[in-house]
Amino acid sequence: MTGMSLHKKLEENTGLLIFGILVVSAIGGLVQILPVLNQESLETPTGSTEPYSAVALTGRDIYIREGCSVCHTQQVRPLIAEVERYGPYSRSGEFVYDRPFLWGSKRTGPDLHRLAGKYSDDWHRVHLLDPRSVIPESVMPAYPWLEDAPASEVGDIQKKMQVLQRLGHPYTQDQIEAAPQQLEGLTELDALVAYLQQLGSAVSREEAP
Amino acid sequence: MVLTLVSAAVVGWLIWSVYFSPTPHEPEEELNEPVWDGDMREGNAPAPMWWFWLILGATVFSVGYLMLYPGLGSFSGMLNWSQDARVSNAYEHYQNQFQPVREEILAASLEELQSSSERMNTASRLFARECAACHGRDAGGQLSMFPDLTDQEWQWGATAEQVEQTLRSGRRASMPAWSGVIEESQIEPLVDYVIAMDDSDAEQMPGRAVYMTYCVACHGAEGEGNAMFGAPSLQDDDWLYGGDRASVLTSIAAGRAGVMPAFDDRLNDAQIRLLVAWLTREQ
């Protein structure tokens, strides 16, 4: 009857069939996506999570450009072995200012999410320029060019912060105005080290795991 | 929650319509339908029953699951299960498991720990994991930047208490940059004096006066250093940043700011005690 003839119409009309398939798969997608859009825990910053400073934001862009997330994850999983090795497992609210997040999916090197304060700035410098000078068995590539490139030329920092502001990151107008000055005289190496030294510092280790 | 229930209802309707409400076929409609194997046409055979039982089983399972575990909106489930609690409990259990050993380590004297090869092996592994990235696998220091921990020279003090303090809170050395403070013409003589300090005739050198004005507060009148500020001794031949003229000149003109990170919240008390014992052992 009507059920059957609708079925027939769908089967015989390719356009309708495609439309029908899209509707059905969209329902499957929406069921998963819609609840997440309203999930408070994904929008509320954990601990002292703050928007990235101008320098750290630039460092983050260098991290992305050099493909660090190909070999390093930024997510400590809620497992004892990880908590014992790296520190408190990663909370969703720590990534509210990560666009996009850099969780990564493969660990050729160690996880970096709780890296803040583990090494000195000097160590990071020599290690990035020549990893094997401090860790002989390391397979990490060297990034010697970071030392010579000025941090202020990694894109337009004010534009970046304005876009993020529009997306809801609470940058103040003062912060955006002061941004170019903060990058003045810094190299890409400085910016990257600044980014690495604040990774995962929003959650206190005493509250471990 | 609404979404979950709506989805469940839709699935229920689908099953009902497939098994319990077969669409009657109009004869004239069937004329235009394709026929296979003589009598097989669309919609004239019910879906297999094993498939129905499979779905029924899955439904029963999912109802049970939704009652026990979180899944229905904000309802946290009758078992009160949460990922956070799972890790916390497992971690607590893990910590408790090692508590007796830790207490044993904390109760033992440094000498006892040092004479136990088992304890020292643990400490050595701990060092490889936590400290070797900077100080090297053999603790011999690296790169004119990270100090040798096997010698007698301890910038921040060699006693167990001082080493423990260094491990727990970290250290932040701050040799200021003297370029611009000390007159350009006086820096060279100062470098000469600092290098030659342990010689007997150094007293007569012109750099001594400069030294006594700017450097004496931290490094002491005889260059003996002061572990309180992490000011190294200048009398010996041990130079963290290099003892050649150029390196000493850089140290004075541009300053040095070595940083030892704090390990208080990365290591537990027993681990720190083991490391202190390992670092201060006779070698």
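In chain B, the centres of domain 2 and domain 3, taken over C-alpha atoms, are separated by 30 Å. Domain 2 of chain B covers 96-170 + 263-279, domain 3 covers 184-257, and domain 1 covers 1-21 + 42-79; these bounds come from an automatic or database domain assignment. Where domain 2 of chain B touches domain 3 of chain B, each gives eight residues to the contact. By contact I mean two residues whose C-beta atoms, placed from the backbone, lie within 7 Å. On the domain 2 side, the residues are two nonpolar, four polar and two charged.

Some housekeeping. This is a predicted model, where local features need pLDDT of at least 70, side-chain atom pairs count only at pLDDT 80 or more, and totals for chains, interfaces and linings use all residues. Residues are numbered from 1 along each chain as its sequence is written, and chains are lettered from A and ligands numbered from 1 in the order in which they are written.

OK, chain A. The assignment gives domain 1 (2-38) and domain 2 (42-207), and their C-alpha centres lie 42 Å apart.

How many residues do the two chains bring to their contact? Chain B brings 21 and chain A brings 24. On the chain B side, helices H1 (2-19), H4 (83-107) and H7 (132-135) each supply at least two residues. Helices here are DSSP runs (H or I, at least four residues), numbered from the N terminus. H4(B) has the largest share of that side, with six residues. The chain B side splits into 12 nonpolar, five polar and four charged.

Now the inside of chain A. The largest nonpolar core has 27 residues, and A:Ala54, A:Leu192 and A:Tyr195 have the most contacts inside it. A nonpolar core is a set of buried Ala, Val, Leu, Ile, Met, Phe, Trp, Tyr and Cys residues joined through C-beta atoms within 7 Å. Buried means 20 or more other C-beta atoms within 10 Å of the residue's own, exposed means 12 or fewer, and partly exposed is in between, with C-beta atoms placed from the backbone. Helices H3 (54-65), H7, H8 and H9 (188-196) of chain A each give two or more residues to this core, and the largest share, seven residues, comes from H9(A).

Why call H9(A) largely enclosed by the rest of the structure? Because nine of its nine residues are buried. Among them are A:Glu188 and A:Asp190, along with A:Leu192 and A:Tyr195. The buried residues of H9(A) pack against H3 and H6 (121-129) of chain A.

Back to A:Ala54: leaving aside neighbours within four places in sequence, A:Ala54 is in contact with A:Ile157, A:Met161, A:Ala179, A:Gln182 and A:Leu183.

That brings us to H7(A) and H8(A). Two packed helices are described by the angle between their axes and the distance between the axes. H7(A), residues 157-166, and H8(A), residues 173-183, pack at about 145° with axes 9 Å apart. The axes are lines fitted to C-alpha atoms over the stretch in contact, and angles run from 0 to 180 degrees between N-to-C directions. A:Ile157, A:Gln158, A:Met161 and A:Gln162 in H7(A) meet A:Ile176, A:Ala179, A:Pro180 and A:Leu183 in H8(A). That contact is six nonpolar, two polar and no charged.

Over in chain B, look at B:Val163, which sits in helix H8 (residues 160-169). B:Val163 counts as buried because 21 other C-beta atoms lie within 10 Å. Leaving aside neighbours within four places in sequence, B:Val163 is in contact with B:Ala158, B:Val276, B:Leu279 and B:Thr280.

Most residues other than glycine have a negative phi, and most peptide bonds are trans. In chain A, a cis peptide bond joins A:Arg99 and A:Pro100, with omega about -5°; A:Pro100 is in the loop between H5 (80-86) and H6 of chain A. In chain B, B:Leu143 has a positive phi near 60°, and B:Ser144 has a positive phi of about 50°. B:Leu143 lies in the loop between H7 and H8 of chain B, and B:Ser144 is also placed in the loop between H7 and H8 of chain B. Buried or exposed, B:Ser144? B:Ser144 is exposed, with 12 other C-beta atoms within 10 Å, while B:Leu143 is partly exposed, with 14.

Terms used: Ala, Val, Leu, Ile, Met, Phe, Trp, Tyr, Cys and Pro count as nonpolar, Asp, Glu, Lys and Arg as charged, and the others, Gly among them, as polar.
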